[in-house]
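Please look at the sequence and the structure before reading on.

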Amino acid sequence: MSDTLGIALVGCGTVGTGVARVLLGHADRVARCAGRAMALRHVVVRDPAKARDPIVPTELVSTDASAAIHDPHVHVVVELIGGTATAKDVVLGALAAGKHVVTANKALLAAHGTEVFEAARRAERTVCFEAAVAGGVPIIRALGESLAANQVTAIQAILNGTSNFILTAMAEQGMTYAAALKEAQRLGYAEADPTLDVDGSDAAHKLAVLAQIAFGVAAKPHEIARQGIDTIDAMDIRFANELGYTIKLLAEAWTGGHSHAANGAKLSRGGAHANGNGPPTVALHVAPVLLRHTDLLAQVRGAYNAVLVYGDIVGETLYQGPGAGMMPTASSVVADLIDLGVGRAQRTFAAAKLWGREGRGFVVEPPERVRSRFYLRLLVADKPGVLADITRILADEEISISSLVQHEAEEEGGSPVPLVIVTHYASTGRFRRALARINALPSTAAPAVFFSMGD
Ligand code: NAP
Ligand code: HSE
């Protein structure tokens, strides 16, 4: 066996603890796979007095990231702090010091990926980030290596374990949103700031990373339309269920070139971009979507993630597994360390040039052009003329209604009452214009709630 690979762990919370458990608890297995031993040499944290898993050697724990990065016996810095401030300094500092980097930090990559990857190339070092998207699911390798012969034409994915856990718990156990979120935090699925999970930002960060690899686009935050699960009420889950649908937070990328012979409707979810002459387009969005109960992604439960990838050569492929949590995420981090130990990651990184400014010609489709069917739930006064006002506004925007159900008030004479409308295909822009007018009606008792339909 060749030289020992020295590792500095910067951040030892949920994921860092899992990585320490694998490196120290399965050292022989890791060494066998990497062809060399791995030695954990530093564990950098914010609060050294905090109680830690007993497997973490106390003598390695410090708050000194600089000492860890500059230790000549450290070859790889594993950044598991999170956020975009200190984490960025750690990653750039490590690369400048000639260390390879492994990170699970999708927020950092979405915001500063280009800078990080350019710094790595300048330093002739490698950045590995399998754990940044879909936790324990090896989607980065699948897209970057196994599907390398393809041009990806669409991605449809559940990328946030916390949101999927909350939606599953609300739908199947009748748990409240607040209780389900608390449980997701207890289980180590949520971000330090769980707003990022429930408002769609975390999934958007991950979609930005996938968009880089699959399409070579560096999407700016405003180019990924995002809507979270924080507006979903238990009644929407119930009404969706009555219609035969499950609500899932989906991250989607649809190119203008995507064609799916088995389901022409899916093409339309990508946008209005059949503009033959222009550059190829890709629409990127994160939003709750109503999926038929029988849909593959509708059956992904709890903190699991799943990614459907359509490639122009392979067709449709599906990747599924635990998308968050200590050990699944550690599995991906240690896989990156093993690849670095073997030397595979360095060769792939140098050859594939996955993250560059040059791109592959794709431009991002403006969100308002994306077309979809919509679920619209209103709370309206139960009196004559209300329905006519709403349907007129939809007609003005040429939005056709597919179904409409007014639910009875729970008490006699009770008002407002829920009204659920499912539309035919419409552009997001037109739908939002209609929504603004509907929300302004005096008979509308609360802001309208709406979600895309997945069919
Ligand atoms: P976490 O439990 O909050 O742990 C963060 C760690 O970073 C803690 O050990 C903390 O120290 C340390 N830290 C924070 N600020 C620091 C600073 N300024 N200097 C040094 N250390 C600092 O977070 P996590 O859940 O493990 O997530 C880590 C990263 O993995 C994030 O980028 C996250 O998005 C990503 N990720 C998480 C999951 C998951 O399921 N949790 C899955 C995939 C990816 P103390 O321990 O002293 O507080
Ligand atoms: N908070 C993230 C999630 C962790 O729930 O998916 C995995 O990236």
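Helix H1 (residues 14-25) packs against helix H13 (residues 326-342) at an angle of about 60°, and their axes are 8 Å apart. That angle makes H1 oblique to H13, as angles under 35 degrees count as roughly parallel, over 145 as roughly antiparallel, 65 to 115 as roughly perpendicular and the rest as oblique. Helices (H or I, at least four residues) are DSSP runs numbered from the N terminus. Axes are lines fitted to C-alpha atoms over the stretch in contact, with angles running from 0 to 180 degrees between N-to-C directions.

This is a predicted model, in which local features need pLDDT of at least 70 and side-chain atom pairs count only at pLDDT 80 or more, while totals for chains, interfaces and linings use all residues. Residues are numbered from 1 along each chain as its sequence is written, chains are lettered from A and ligands numbered from 1 in the order in which they are written, and side-chain values use heavy atoms, with hydrogens and water left out.

H1 passes H13 in a right-handed crossing (the near helix is turned clockwise from the far one by less than a right angle). On the H1 side, the residues in contact (heavy atoms within 4.5 Å) include Val15, Val19 and Val22, and on the H13 side they include Met326, Ala330 and Leu337. The residues of this contact between H1 and H13 divide into 10 nonpolar, 4 polar and 1 charged.

H13 also packs with helix H2 (residues 27-34), at an angle of about 45° and with axes 8 Å apart. That makes H2 oblique to H13. Val30, Cys33 and Ala34 of H2 meet Val334, Ile338, Gly341 and Val342 of H13. By class, this contact of H2 with H13 has 6 nonpolar residues, 1 polar residue and no charged ones.

The ligands come next. Around ligand 1 there are 23 residues (a heavy atom within 4 Å), of which Cys12, Asp47, Lys50, Glu191 and Gly325 come nearest. Ligand 2 has 13 residues around it, and Lys106, Gly161, Thr162, Tyr189 and Glu191 come nearest. The table gives polar contacts, pairs of N or O atoms within 3.5 Å.

| Ligand atom | Protein atom | Distance |
|---|---|---|
| Ligand 1, oxygen | Cys12, polar backbone atom | 2.8 Å |
| Ligand 1, oxygen | Lys50, side-chain N or O | 2.6 Å |
| Ligand 1, oxygen | Lys106, polar side-chain atom | 2.9 Å |
| Ligand 2, oxygen | Lys106, side-chain N or O | 2.6 Å |
| Ligand 2, oxygen | Thr162, side-chain N or O | 2.6 Å |
| Ligand 2, nitrogen | Tyr189, backbone N or O | 2.7 Å |

Notes:
Helix = DSSP H or I, 4+ residues; strand = E, 2+ residues; numbered from the N terminus. Nonpolar A, V, L, I, M, F, W, Y, C, P; charged D, E, K, R; others polar. Polar contact = N/O pair within 3.5 Å; in protein donor to acceptor, adjacent residues only side chain to side chain.
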